[in-house]
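This briefing goes through one protein model, topic by topic. Please look over the sequence and the structure before reading the points below.

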Amino acid sequence: MTKTAVTRAHLATSPFKAPVAPPAKHFAAGDRVTHDVFGLGRVTSVEDGIAVLVDFGGRQERIVSPYPKLTVL
């Protein structure tokens, strides 16, 4: 049996710092990007907060938000 990831509420009395949410990634058409699996590419279109379409040379991929493996160069 496996456990699913659960987000726990931070208590104000906790001695530990509250987890910080990573900043949202924003992409624009024409941005050069790198992906952990597909490599270098260029953003061709952006669906606001939903997905980006990236041209990786021989193939185009639609990468959905939160873009875990996509980084702007």
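Is tyrosine 67 buried or exposed? Tyrosine 67 is buried, because its relative accessibility is 4% and the cut-off for buried is under 20%. The model is a predicted one, and the values below are computed from it. The points start with the whole chain and then turn to single residues.

**Overall fold and dimensions**

- The protein contains five strands and zero helices.
- In sequence order, its elements follow the pattern β-β-β-β-β.
- The radius of gyration is 17 Å, whereas a compact globule of 73 residues would have a value near 11 Å.
- Taken along the principal axes, the box filled by the C-alpha atoms is roughly 50 × 30 × 20 Å.
- Among contacts with a separation of 6 or more, 26% are between residues 24 or more positions apart.

**Surface and charge**

- Buried residues make up 18% of the 73 residues in the protein.
- The accessible surface is about 6000 Å², and carbon and sulfur atoms account for 58% of that area.

- Histidine 35 belongs to strand E1, which covers residues 32-35.
- Histidine 35 counts as buried because its relative accessibility is 10%.
- The side chain of histidine 35 comes to 3.0 Å from the backbone nitrogen of valine 37.
- A polar atom of the histidine 35 side chain also lies 3.3 Å from the backbone nitrogen of phenylalanine 38.
- Leaving aside neighbours within four places in sequence, the contacts of histidine 35 are Phe56, Ile63, Lys69 and Leu70.

**The loop between E4 and E5**

- Proline 66 sits in the loop that runs between strand E4 (60-64) and strand E5 (70-72).
- The peptide bond joining serine 65 and proline 66 is cis, with omega at about 15°.
- Tyrosine 67 is in the loop between E4 and E5 as well.
- The phi angle of tyrosine 67 is near 55°, which is a positive value in a residue other than glycine.

**Aspartate 36**

- Aspartate 36 lies in the loop between E1 and strand E2 (39-47).
- Aspartate 36 is exposed because its relative accessibility is 63%, and the cut-off for exposed is over 50%.

**Leucine 11 and the segment before E1**

- Leucine 11 is part of the segment before E1.
- Leucine 11 counts as exposed because its relative accessible area is 56%.
- The C-alpha atoms of leucine 11 and glycine 30 are 43 Å apart, and the two residues are 19 residues apart in sequence.

Note on methods:
Residues numbered from 1 in each chain as written. Predicted model: local features only at pLDDT ≥ 70, side-chain atom pairs only at ≥ 80, totals over all residues. Heavy atoms only, no water. Helix = DSSP H or I, 4+ residues; strand = E, 2+ residues; numbered from the N terminus. Buried < 20%, exposed > 50% of the residue type's maximum accessible area, 1.4 Å probe, protein only. Polar contact = N/O pair within 3.5 Å; in protein donor to acceptor, adjacent residues only side chain to side chain. Contact = heavy atoms within 4.5 Å. Rg over C-alpha atoms; globule rule 2.2 N^0.38 Å. Areas by Shrake-Rupley, 256 points an atom, 1.4 Å probe, with all protein chains shown as cover.
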